[in-house]
Amino acid sequence: MPVNAISWEPTKMLSLPYGNKICGSKNKSNRFPEFNAVLDVQSMPSNDPPQCNKTLSKRFEMPNPKPDAQGSINESKKVHLHKLHQGLASCSSMAELKQYHAQIVKLGLQADNDAIGRIVKFCAISRNGDLGYALEIINTLPHPDAFIYNTVFRGFLQFRLSDDCIRLYSQMLRNSVTPNKFTFPPVVRACAFGNSIDEGKQIHAQVLKFGFRSDGFSQNNLIHMYASFESLDDARKVFDKMPQRDVVSWTTLITGFSQSGRVDEAREVFETMPEKTPASWNAMIAAYVQTDRFREAFSLFDEMRLNRVELDKFVAASMLSACTGLGAMKQGEWIHDYIKRNAIEIDPKLSTTIIDMYCKCGALEKAIEAFNELPSKGVSAWNCMIGGFATHGKGENAIELFEKMEGESVKPDYITFVNVLSACAHSGLVEKGRYIFRHMVETHGISPGTEHYGCMVDLLGRAGLFDEAVKLISEMPMEPDVGVMGALLGACKIHKNVELGERIGKKVIELEPENSGRYVLLANIYATASKWDDVANVRKLMNDRGVKKTPGFSVIEVGSTVNEFIAGGRAHPESREIYAKVDEMLAGIRSIGYVPETESVLLDIGEEDTENPLFYHSEKLAIGFGLLKSKPGEVLRITKNLRVCKDCHEASKLISKFYNREIIVRDRSRFHHFEEGACSCNDYW
DNA sequence: GACTAGGCGT
């Protein structure tokens, strides 16, 4: 995109409002050598209303440029112009716009800021605009006004061209155009987006010097800017110094703390808010959801309802996501019903959230129903539904839906193919996967990324096609990442390919030394080959590096309560009954052939004890609790944070047979539907 | 003539 050519002057720093405390690790210094000179406001008076310094004001002593050389616009021109403005308001394309522009030029108004401002506005910020054209126009104007500059700032911001926005701002000053209150919100946001810390601080100085200390919009954007620099102390200072804070100031600060991972401080701010809007409630609820603190999200949501605050689409989305996190389908269903009952707009984001909730809660049928109900389906809804089929091991359905999507002329994107390929991998559809991989490139012109390669390696590896998988990796145009290598490692585990597994395992561990799962996998590969010394070495390496195994937990929703279990845990108030039920359950399945499987446990415990922790894996406790609390025939839905271990998998199959129950377990990477002694994954996970 | 806060998935 063409950007104005500007000649720059030597630099000179100005003093900053808040010292230089921000550490600029992410700061890009010296990107705007011109900037400091232009932004020199040392000599500017700070009185309201905004003024500029003497040098600048000279320009403003000149009479404003008149629309035409002869003087004011005559009456017939005025009428014509009025009609033009009306037409422009409903203009829908650049072709049409250029015709209006031509007429304005014909009227001799090519330098008239009022008329040209409307043209620039369309180009810069309309959906069918052309920012480049706006820039060309601005370069031809002898005296573009603040409105025109501000409009183009917004245009730059829409395209995330923050550096260009900042450059144009300095050009505005060089052209002696005084910023107004609409100038700073977009310019400050540009600094935030571009992580331009030095420039941001200087522009902050300008906000004050130009007299916008009391302008809520400018100040709120400054809060946002410092928060995005993760300089919460400065954000807080701006907030504290504001003569009048509004609900946006509070909400911005809450989000700032939350996005810097300081959720508890966000809560403190939230608690002190004088009045709360749904946006403020949601900012806090989302803070909990984003940090997996789902229970706190639920309890805040209850509080919100007690305060008679109605939920809107944002709160609904956050809470649906909390339901997804906990596997709390009934609660999620309640929110979905609420959305429908209250005609809350289901936009593309909300629709993916709804579908994802049902998919991840194991209710594929309900997800399909929700998907079919959507009045219009964006690509993300299709992606989400295809991904749902994939994780449920319904590869054929995923492909069928993908073909339907193509049939309805919805353009598949990068993610679509990640999900379709992952569906092929989960269902072992090798030939189809190879075809889709080619189809993606040849028909849709999407070049494969690491995720696509990861899926292909997963697919080929699971099918035992190691040579082809290794060859594919060697052909990758980029470095294979840990996802790709991890997929190969997983395949080595399944097929007991010790030699390759050892090589890849070591590599993967070095790529991700803090991920305990990788060590466990390598240790298990050694264990299957009875290489006990190597098992011990991996374990020692883990200990030496202080890498802890992720504690496993499982969650089951019974009635309206969500119950969480950790392996061997006894924190549940009914733990005695639960353990008794688990013992009964294990005795039951032993009678139909259950033999505890110990292979997949990292052997860091004595032989004798090996059996017990397996008996009481969180998943078995959750199933025991489910059997205890649910009616016969009711489906048990369990969500687990780790992958199902081989023993639990075998046990779950037999439990489903012994008790004649359908059990749906969501693990870290997919779903297992246990029914009549078999699993939907065909023991292939 | 116009500006700022909160949501999803891969």
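**Exercise 1. Determine which residues Arg 462 touches, and whether Arg 462 is buried or exposed.**

*Solution.* Step 1: contact is taken as heavy atoms within 4.5 Å. Leaving out residues up to four places away in sequence, Arg 462 touches Ala 425, His 426, Val 457, Ala 491, Ile 494, His 495, Arg 643, Tyr 684 and Trp 685.

Step 2: Arg 462 belongs to helix H25, residues 450–462. Helices (H or I, at least four residues) and strands (E, at least two) are DSSP runs, numbered from the N terminus.

Step 3: a residue is buried under 20% relative accessible area, exposed over 50% and partly exposed in between, for a 1.4 Å probe and protein chains only. Arg 462 has a relative accessible area of 5% and is therefore buried.

The model is predicted, so local features need pLDDT of at least 70 and side-chain atom pairs count only at pLDDT 80 or more, whereas totals for chains, interfaces and linings use all residues. Residues are numbered from 1 along each chain as its sequence is written, chains are lettered from A and ligands numbered from 1 in the order in which they are written, and side-chain values use heavy atoms, with hydrogens and water left out.

**Exercise 2. Describe the surroundings of Ile 137.**

*Solution.* Step 1: Ile 137 lies in helix H6, residues 131–140. Step 2: with a relative accessibility of 5%, Ile 137 is classed as buried. Step 3: apart from neighbours within four places in sequence, His 101, Ile 116, Ile 119 and Val 120 are in contact with Ile 137. Step 4: Ala 111 is 26 residues away along the chain, and its C-alpha atom is 9.6 Å from that of Ile 137.

**Exercise 3. State where Arg 160, Asn 195 and Val 595 are found, and classify each as buried or exposed.**

*Solution.* Step 1: Arg 160 is in the loop between helix H7 (146–158) and helix H8 (162–174). Its phi is positive, near 60°, in a residue other than glycine. Its relative accessibility of 51% makes Arg 160 exposed.

Step 2: Asn 195 is in the loop between helix H9 (184–193) and helix H10 (197–209). Asn 195 is not a glycine, yet has a positive phi of about 50°. At 12% relative accessibility, Asn 195 is buried.

Step 3: Val 595 is in the loop between helix H31 (575–590) and helix H32 (611–615). At 60% relative accessibility, Val 595 is exposed. Its C-alpha atom is separated by 8.8 Å from that of Glu 650, 55 residues apart along the chain.

**Exercise 4. Give the order of the strands in the open sheet, and explain why one side of E2 and of E6 has no neighbour.**

*Solution.* Step 1: the open sheet has six strands in the order E2-E1-E3-E4-E5-E6, with mixed pairing. Two strands pair if DSSP finds at least two bridges between them.

Step 2: strand E2 (561–566) and strand E6 (678–679) are at the edges and have a single partner strand each, so one side of each lacks a neighbour in the sheet.

Step 3: helix H33 (residues 618–629) packs on the sheet, where it touches strand E1 (553–558), E2, strand E3 (636–640) and E4. The direction of H33 makes about 15° with that of E1; axes are lines fitted to C-alpha atoms, for helices over the stretch in contact, and angles run from 0 to 180 degrees between N-to-C directions.

**Exercise 5. Trace the pairing of E5 with E4 and E6.**

*Solution.* Step 1: strand E4 (residues 663–666) and strand E5 (residues 671–675) run antiparallel and are joined by four bridges. A hairpin of four residues links E4 to E5. Val 665 stands opposite His 672, and Ile 663 opposite Phe 674.

Step 2: E5 and E6 pair over two bridges, in the antiparallel sense, with Glu 675 opposite Ala 678. Two residues lie between these strands in their hairpin, where Glu 676 has a positive phi near 45°.

Step 3: four of the five residues of E5 are buried. Helix H34 (residues 646–658) lies across E4, E5 and E6, at about 40° to E5.

**Exercise 6. Identify the residues closest to DNA strand B.**

*Solution.* Step 1: a residue is near a strand if one of its heavy atoms lies within 4 Å of it. DNA strand B is surrounded by 45 residues, the closest being Arg 189, Asn 220, Asp 312, Thr 352 and Ile 415.

Step 2: an N or O atom in the side chain of Asp 312 is 2.6 Å from a base nitrogen of DNA strand B.

Note on methods: Polar contact = N/O pair within 3.5 Å; in protein donor to acceptor, adjacent residues only side chain to side chain.
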